[in-house]
Amino acid sequence: MSQAAKFLRPIAASSAPTPGQTDTVTEVVFIGADGDPEDLGGGGGSYTLPAATTSTLGGVKQAAAVADASGTVTAENFNGLLSALRTAGIIATA
């Protein structure tokens, strides 16, 4: 643990506050089965969001801007949109 507990006050389930009662908790220490404080981790690690694929949930970048079509939509307009979506990883390339 990064810091030792300054004050430890176990609370039995039978004496836990009932709904509507309040109690101020300034520090929580988790105790293992052996009675010793236990570090649950979770501090300082890093995470890299994976790229999305057709079978893996992941992050995608915002697609490049595509101008609004005016008048009749052409294959060029549509293919420009598809290209932007593929480049951003939003849809698969094949």
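1. Start with Ala52, which lies in the segment before H1; helices here are DSSP runs of H or I with at least four residues, strands are runs of E with at least two, and both are numbered from the N terminus. Ala52 counts as partly exposed because its relative accessibility is 28%; buried means under 20% relative accessible area, exposed over 50%, and partly exposed in between, with a 1.4 Å probe and protein chains only.

2. A word on what you are looking at: this is a predicted model, where local features need pLDDT of at least 70, side-chain atom pairs count only at pLDDT 80 or more, and totals for chains, interfaces and linings use all residues. Residues are numbered from 1 along each chain as its sequence is written, and side-chain values use heavy atoms, with hydrogens and water left out.

3. Back to Ala52 and its surroundings. Leaving aside neighbours within four places in sequence, Ala52 is in contact (heavy atoms within 4.5 Å) with Gly58, Gly59 and Val60. Ala52 also sits 7.7 Å from Ile90, C-alpha to C-alpha, although 38 residues separate the two in sequence.

4. Now the overall layout. The protein chain has one helix and zero strands. Of its 94 residues, 5% count as buried. Among contacts in the chain with a separation of 6 or more, 29% are between residues 24 or more positions apart.

5. The helix is H1, residues 75-87. Its 13 residues reach 18 Å from first C-alpha to last, close to the 18 Å expected at 1.5 Å a residue; the expected span is 1.5 Å times one less than the number of residues. After H1 comes Gly89, with a positive phi near 85°.

6. Arg86 is worth a look within helix H1. With a relative accessible area of 35%, Arg86 is partly exposed. Not counting residues up to four places away in sequence, Arg86 touches Ile91, Ala92 and Thr93. Arg86 and Ala63 are 23 residues apart in sequence and 8.3 Å apart in space, C-alpha to C-alpha.

7. Finally, the surface. The accessible surface of the protein chain comes to about 8,200 Å², and 55% of that belongs to carbon and sulfur atoms; areas come from the Shrake-Rupley method with a 1.4 Å probe. Val28, Phe30 and Leu40 make a nonpolar surface patch of about 310 Å². Leu40 lies in the segment before H1 and counts as exposed because its relative accessibility is 54%.

Methods
Patch = residues over 30% accessible without salt bridge, like charges linked within 9 Å, V, L, I, M, F, W, Y side chains within 5 Å. Salt bridge = Lys/Arg side-chain N within 4 Å of Asp/Glu carboxyl O.
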